[in-house]
Amino acid sequence: MSAPGPQQAPQQAPRQGPQVVTFGCRLNGYESEVMRDHARAAGLEGAIIVNTCAVTKEAERQARQAIRKLRRENPAARLIVTGCAAQLDPARFAAMPEVDRVLGNTEKLKAESYREAAGDLLVTDIMAARETAGHLLAGFESRTRAYLQIQQGCDHRCTFCIIPYARGPNRSVPLGRLVEQVRTLVEAGTREVVLSGVDITSYGADLPGRPTLGETVRRLLALVPDLPRLRLSSLDPAAMDGDLLRLVAEEPRLLPHLHLSVQAGDDLILKRMKRRHLRRDVVDLAARLRDLRPGLALGADLIAGFPTETEEQAARTLALVDEADLSHLHVFPYSARPGTPAARMPAVPGDVAKARAAALRAAGARRMAARLARRVGGLADVLVETPGFGHSEDYLPVDLPPGLDAAPGSVVRVRLSGIHGDRLTATTDERMSA
Ligand code: SF4
């Protein structure tokens with residue numbers, strides 16, 4: 001799963017042109033950028049696109065609430081709704097008087113969908129849309145970090161997850177196309193690419209010769225030697241194979257920050273989730289990864305209050321945060337998705353799930369604070385995202401020295417000098433590149 005947990009608030013991108021409001025996972029965030037470009041190219045400058053998420057009922061409710069508010073504030077705008085919630089229940093969104101058009105998850109990535117939206121067509125019948133791998137997004141340019149979607153869909157059926165129903169089976173983008181896209185990005189000045197998808201550790205299972213993610217990343221880096229920084233999005237701990245571990249050990253351009261789809265730290269809960277790893281696997285994997293790459297930062301998706309979860313089981317998940325030193329957490333309280341097996345299991349009260357989520361977030365914040373403290377005094381290569389701010393190679397937030405003339409998209413080497421709030425501060429050591 002590619003960090004399918006809902007973000008705390010919808011992300012509203014600040015750029016000019018069509019307004020895109022994004023709910024949910026990082027994948028949705030990447031796709032929103034593609035949609036904005038398509039909408040702009042179709043002349044839909046004044047349009048509003050709401051990219052919904054279906055991972056919790058709350059995320060879906062927030063999307064409907066946002067749609068009503070956006071319509072009140074923008075009575076004349078063309079309002080397009082898409083994303084997983086719209087894919088799963090298009091009729092419900094199409095019936096909202098505020099909505100002009102509903103697009104499915106495949107259609108939302110096609111340029112022609114926006115050309116049609118610019119004309120007279122109204123609501124699209126998503127159920128009639130045909131999924132074809134040819135319409136997968138292969139990448140987009142960004143002035144800072146570029147996200148390259150290497151696969152879509154998921155072949156697993158975790159009991160809490162609705163995503164496979166909304167995104168379909170695993171479909172991978174062949175290496176040749178990935179290389180083309182990365183070369184284009186590098187020529188345009190991109191210094192950091194993130195390989196993303198719904199379940200990237202399943203990459204290649206549907207391609208001839210079944211190339212693994214590790215093999216593919218190695219070949220991609222060899223074929224694009226000018227790409228200095230590569231990240232991977234969420235990884236399934238059960239699918240981390242020898243190829244990937246060798247890459248972590250041997251490839252300095254693969255950045256030392258990995259995100260694991262952990263979900264829980266109790267074996268019975270993991271079984272009920274139909275995950276394919278056990279608690280011990282996560283602890284061992286974290287230790288092995290840090291043997292191979294000392295100092296590597298680890299993030300994790302965690303669900304609090306999964307049905308039947310007892311206090312003891314929740315405590316085991318909480319303890320895992322310290323045991324595996326998980327500092328970059330995405331925590332969300334469990335919320336039932338109708339139609340999933342977990343929705344039929346005995347629920348944990350909502351306030352209990354929320355309290356457990358708060359405890360997990362607090363533990364993650366403590367691990368993050370400890371990690372920041374350990375980094376003070378060291379060097380970092382920071383990708384500048386906005387003037388004066390960026391993230392280090394191990395994905396720590398860094399305030400750059402005042403007056404440093406570093407354009408967004410460049411990488412600067414700095415000395416980490418202290419901590420201010422939840423960020424590191426820095427002094428200039430040596431400018432790495434522009
Ligand atoms: S079914 Fe499991 S592996 Fe697939 S997207 Fe959902 S949580 Fe991730």
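Mentor: What follows goes from the whole chain to its sheets, helices, cores and a few backbone angles. Keep in mind that this is a predicted model.

Trainee: Fine. How many helices and strands does the chain have?
Mentor: The secondary structure comes to 13 helices and 18 strands.

Trainee: And what share of the residues counts as buried?
Mentor: Of the 434 residues of the chain, 48% count as buried. As for contacts between residues at least 6 apart in sequence, 70% join residues at least 24 apart.

Trainee: Let's do sheets. What is the strand order in the one with β6?
Mentor: The order is β6-β9-β10, an open sheet of three strands with parallel pairing. β6 (145–149) and β10 (229–232) are at the edges with a single partner strand each, so one side of each has no neighbour in the sheet. The twist from one strand to the next averages 25°.

Trainee: How many bridges between β6 and β9?
Mentor: Five bridges, in the parallel sense, with β9 covering residues 192–196. Arg145 stands opposite Glu192 in β9, and Leu148 is opposite Leu195 in β9.

Trainee: Which helix lies across β6 and β9?
Mentor: That is α7, residues 175–187, running at about 170° to β6.

Trainee: Now the sheet with β12. What is the order there?
Mentor: β11-β12-β13, an open sheet of three strands with parallel pairing. β11 and β13 (326–333) are at the edges, each with a single partner strand, so one side of each is left without a neighbour in the sheet. The twist averages 20° from one strand to the next.

Trainee: And the pairing of β12 with β13, how many bridges?
Mentor: Seven bridges join β12 to β13, and the two run parallel. Ile303 stands opposite Phe332 in β13.

Trainee: Switching to cores. Which residues touch the most other members in the largest nonpolar core?
Mentor: Ala54 and Leu302, out of 96 residues in that core. Strand β12 (residues 297–304) gives the most to this core, with six residues.

Trainee: What is Ala54 in contact with?
Mentor: Setting aside neighbours within four places in sequence, Ala54 is in contact with Ala59, Glu60, Cys84, Ala85, Leu88, Ile162, Ala166 and Arg337. There is also a second, separate core of 14 residues, which includes Ala380, Val384, Val398 and Leu400.

Trainee: Why would nonpolar side chains end up together like that?
Mentor: In soluble globular proteins, nonpolar side chains tend to be buried together.

Trainee: Helices next. How far does α13 reach from its first C-alpha to its last?
Mentor: α13 (residues 350–375) has 26 residues and reaches 37 Å, close to the 38 Å expected at 1.5 Å a residue. Its buried residues are Ala353, Arg356, Ala357, Leu360, Ala363, Gly364 and Leu372. Just after α13, Gly377 takes a positive phi of about 100°.

Trainee: What about α9 and α11, at what angle do they cross?
Mentor: Roughly 40°, with the axes of α9 (residues 242–250) and α11 coming within 8 Å. The two helices are therefore oblique to each other. Leu245, Val248 and Ala249 in α9 meet Arg288, Leu289 and Leu292 in α11.

Trainee: You mentioned a positive phi at Gly377. Which residue other than glycine has phi near 75°?
Mentor: Gln263. Gln263 is in strand β11 (residues 257–263), and with 24 C-beta neighbours inside 10 Å it counts as buried. Lys274 also has a positive phi, near 65°.

Trainee: Where is Lys274?
Mentor: In the loop between α10 (267–272) and α11 (279–292). Lys274 is partly exposed, with 14 other C-beta atoms within 10 Å.

Trainee: And why single those two out?
Mentor: Because most residues other than glycine have a negative phi.

Definitions and conventions:
Residues numbered from 1 in each chain as written. Predicted model: local features only at pLDDT ≥ 70, side-chain atom pairs only at ≥ 80, totals over all residues. Pairing = 2+ DSSP bridges. Helix = DSSP H or I, 4+ residues; strand = E, 2+ residues; numbered from the N terminus. Axes fitted to C-alpha atoms, helices over the stretch in contact; angles between N-to-C directions. Contact = placed C-beta atoms within 7 Å. Core = buried A, V, L, I, M, F, W, Y, C linked by C-beta atoms within 7 Å. Buried ≥ 20, exposed ≤ 12 C-beta atoms within 10 Å, placed from the backbone. Expected span 1.5 Å × (residues − 1). Parallel < 35°, antiparallel > 145°, perpendicular 65-115°, else oblique.
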